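Student: Could we go through this structure together? I would like to begin with helix packing and then turn to the aromatic rings.

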Amino acid sequence: MTAEQTQKALLALDGGGLRGAFTLGVLGELEQLLKTQTGAGSGFVLSDYFDFIGGTSTGAIIGSGLALGWTVDTLKDLYLRLGHTVFRPRFLPLRAWSKYPGGPLRDQLEAEFGPRTFGDPDLRTLLLIVTHNRTTNSPYPLANHPTGKFNTGESPTRRNRDQRLADLLWASTAAPAFFPAAVLDFGAGPQELVDGGVTAHNNPALQLFLTATLPEYRLEWPTGPDQLLLVSVGTGFLPAEQKKISRLRRHIIYVATSTPSGLMFAAANHNDVACRSLGQVRFGRPIDSELGDLTTGLATKHFSYARYNIAFDPLELASYGVTADPRELARLDAVEHIETLMNLGTAYGKATLKAEHFRGFTRLRSST
C-alpha cells in the first residue's frame, strides 16, 4: 500500500449546546474547500473525506448526521428546528430539576435519526459519541467500530452497537441543570447518563486520536503527520474578562446553569493543548500568553492537527460583522442567535480555512 492509501482523516466536534450552529457554519466552508481540493463531484459530503468522526453533546448530533452522509445544509435546517422545539422552559416549579423538559429533546432526536442503531450500516464512517455515566461516575466515550471490546459481544454488560443512535445522542446532550438525565440499559440494568461535556472530553479530539490508534481500542491506525490528519472544530468561547458578574447574581441557579459551560471550556482547552503537543500543528489560534500557538510541542509528532475556534470577544466578533452581546452568544441555549452563530461560523471559516491546512491529504476516504 502507498502512504496515501493508508492515510486516515479524523474530525472532532466540541460540545456547546446551540453554539453548535457556529460549528455548522465552519463545516459548511470546510465542505466546499474539501470538495475543491479532492476534485470530488457535486454530491460531495464530509463523510466522503473523514474516516472517523467524534462528537460530544451538540458535536455528537452534528457528527452523527455527517457520518450518515448528510450535507451540512441538512444539519443547519435541523438546528433551526431543534432549537425552537427543544429549548422551551418548564413550568417554574419544575425548574428545580431542570430548566427544560427532556421529552422534546428525546422526541426530536428520534424523529430525525429514527430507529437506527449505533452499528447501523447507514453510518458511512466510524463514529465516537461521548457521554457521562452518572451511575458509575465515569466518562463513557462510545465508538462503534466492530472490533471494539464492547462491540463484539464478548462483554455481557456492554453491547454498544445495539443501542439506538437517538438514545446515545439523547444521553450525550442531556446537560445537567438544562435537561434531565437519560436512562439507558447497556446490558447491566438501567443507568443514568448525562452530557459528555461534563467529562474531560468536551473537545473529543484527543480521545478520538487515542481510540483510533491505541492497541487496546483495536483499531491501531498508523500514526505520523503524513498518515493521520486530525481536524478539531470548536463552538466558540467567552474570554475571561467577559464573565465578570455582580455578587447579587452569584446565586445557586446561576452557578448551576453556568457550571457546565465552564467545564466545557476547561476541557476543550486542555485537549487542544494536548493535541498541539502531540501533533504537527497546521492551524490554531494562540492558546494563551504563555504557550502562544504551541507549534513546537514534543519532538515526536503522531499526527497533523488543525484547530478551528473563535473567541466571543467584541473586537473579534466585530471583525466578522457581528455586534451581538458576546455573553448572549455564549449561552448554551441561545435560541434567538442560531442564525447569527451560523453566519459567524461561515465568515470565520472563509477567513481561516486554507488549502495548505490539508496539504498531503487530498484523497477521498478509503473504506473503513
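Student: What covers the buried residues of helix 4?

Tutor: This is a predicted model, in which local features need pLDDT of at least 70, side-chain atom pairs count only at pLDDT 80 or more, and totals for chains, interfaces and linings use all residues. Residues are numbered from 1 along each chain as its sequence is written, and side-chain values use heavy atoms, with hydrogens and water left out. The cover includes helix 2 (20–38), helix 3 (58–67), helix 5 (103–113) and helix 11 (338–352); contact means heavy atoms within 4.5 Å. Helices are DSSP runs of H or I, at least four residues, numbered from the N terminus.

Student: Which residues of helix 4 are buried?

Tutor: They are Val 72, Leu 75, Lys 76, Leu 78, Tyr 79, Leu 82, Gly 83 and Val 86, where buried means under 20% relative accessible area with a 1.4 Å probe, protein chains only. Seen down the axis of helix 4, they fall within an arc of 160 degrees, so they line one face; the arc is taken from the directions from the axis to the C-beta atoms.

Student: On to the rings. How many aromatic pairs are there?

Tutor: The whole structure has 10, counting rings of Phe, Tyr and Trp (its six-membered ring) with centres within 6.5 Å; planes under 30 degrees apart are stacked, over 60 edge-to-face and the rest tilted. Among them, Tyr 49 and Phe 50 are edge-to-face, at 5.0 Å and 80 degrees.

Student: Is Tyr 49 buried or exposed?

Tutor: Tyr 49 is buried, at 0% relative accessibility.

Conventions
Buried means under 20% relative accessible area, exposed over 50%, partly exposed in between (1.4 Å probe, protein chains only). Helices (H or I, at least four residues) and strands (E, at least two) are DSSP runs, numbered from the N terminus.
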